[in-house]
Amino acid sequence: MLLKKVLHLYRKLPEFTSKYRMVKRWQILIQEAARLLAPAEVAEDQRSETLRFAMQSLMSWMEKTYTRKEDRILVSNFQSYTRGFWKGLFTCYDSPWVPRTNNDHERFFRQTKTKHRRTTGRRRWNEHILRCGEFVVLVDDALKQEHLLTRLQQVPYEAFNEERRRWTKRLDETTKRRRFRRDPLAYLKQIEKKLLVN
């Protein structure tokens, strides 16, 4: 019985030969893209400009090499996905603290959430992000970076003041939300009074 099944499978193999050859050809492009974007070691001279140029060369080579009718789907998908991710695809090479893959990204957020939970005792951190801003997730990582103080000293005073204004406005919004939730009628009456005075 088992032998019959094996023989049946072997008889079916010729039907998939052409598809196998096609996928094997496509694999060359995918492996080369993976090699470019995820090298075993990131060289010191490997910056976003270098990788951007290498990827553009690869895409140009792909358009010249994969010209068969059945290659259209590969070329179309590769181009659309690459263009979709292009803007943020190379950031991690200029900024080593930016996670390189989705898995690294998820792990980073999970670790940040765990730290927040340990510090505050709260399970949800939505309020924390709304109050402190989206960059709060980078604080722990930033504190571990070299030359942080030197980099902070290079921030222009105007940029610091602008960020402080944004921070104050964000805190004011959080305070308003909290007051409204605590006593909506009193909060609305207070706003009405202010409007009548003005």
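Let's start with one side chain: Gln-79 is buried, because its relative accessible area is 13% and anything under 20% counts as buried. Keep in mind that this is a predicted model. Gln-79 sits in helix H3, which covers residues 72-89.

Who does Gln-79 touch, once you set aside its neighbours within four places in sequence? The list is Met-59, Met-62 and Glu-63. With Glu-63 there is also a polar contact, made from side chain to side chain at 2.4 Å.

Is Phe-78 buried or exposed? Buried, with a relative accessible area of 11%.

If you again skip the neighbours within four places in sequence, Phe-78 is in contact with Leu-29, Ile-30, Ala-33, Met-55, Leu-58, Met-59 and Met-62. For a sense of distance, take Tyr-20: 58 residues separate Tyr-20 from Phe-78 along the sequence, and their C-alpha atoms are 19 Å apart in space.

## How H2 and H3 pack

Now zoom out to the helices themselves. The axes of H2 (residues 48-65) and H3 come within 11 Å of each other, crossing at roughly 160 degrees. That angle makes the two helices roughly antiparallel, because the cut-off for this label is over 145 degrees. As for handedness, the H2 and H3 crossing is left-handed.

Which residues do the meeting? From H2 come Arg-52, Met-55, Gln-56, Leu-58, Met-59, Met-62 and Glu-63, and from H3 come Val-75, Phe-78, Gln-79, Thr-82 and Trp-86.

## Aromatic pairs

How many aromatic pairs does the model contain? The count is four. One of them joins Trp-86 and Phe-90: their ring centres are 4.9 Å apart and their planes sit at 80 degrees, so this pair is edge-to-face.

Another pair brings together Tyr-157 and Phe-160, with 6.2 Å from centre to centre and 35 degrees between the planes, which makes it tilted. Why tilted? Because planes under 30 degrees apart would count as stacked and planes over 60 as edge-to-face, with the rest called tilted. Tyr-157 and Phe-160 are three residues apart in helix H9 (residues 157-182), so about one helical turn separates them. Tyr-157 is exposed, at 57% relative accessible area, while Phe-160 is partly exposed at 41%.

Is Asn-161 buried or exposed? With 16% relative accessibility, Asn-161 counts as buried. Its side chain makes a polar contact with the side chain of Arg-164, at 3.2 Å.

Helix H9 also packs with H10 (residues 184-197): the angle is about 125 degrees and the axes are 5 Å apart. That makes H9 oblique to H10. On the H9 side, the contact is made by Lys-176, Arg-179, Phe-180, Arg-181 and Arg-182, and on the H10 side by Pro-184, Tyr-187 and Leu-188.

Note on methods
Residues are numbered from 1 along each chain as its sequence is written. This is a predicted model: local features need pLDDT of at least 70, side-chain atom pairs count only at pLDDT 80 or more; totals for chains, interfaces and linings use all residues. Side-chain values use heavy atoms; hydrogens and water are left out. Rings of Phe, Tyr and Trp (its six-membered ring) pair if their centres lie within 6.5 Å; planes under 30 degrees apart count as stacked, over 60 as edge-to-face and the rest as tilted. Helices (H or I, at least four residues) and strands (E, at least two) are DSSP runs, numbered from the N terminus. Buried means under 20% relative accessible area, exposed over 50%, partly exposed in between (1.4 Å probe, protein chains only). A polar contact is a pair of N or O atoms within 3.5 Å; within protein, one must be able to donate a hydrogen and the other to accept it, and residues adjacent in sequence count only if both atoms are side-chain atoms. Contact means heavy atoms within 4.5 Å. Axes are lines fitted to C-alpha atoms, for helices over the stretch in contact, and angles run from 0 to 180 degrees between N-to-C directions. Angles under 35 degrees count as roughly parallel, over 145 as roughly antiparallel, 65 to 115 as roughly perpendicular and the rest as oblique. A crossing is left-handed if the near helix is turned anticlockwise from the far one by less than a right angle, and right-handed if clockwise.
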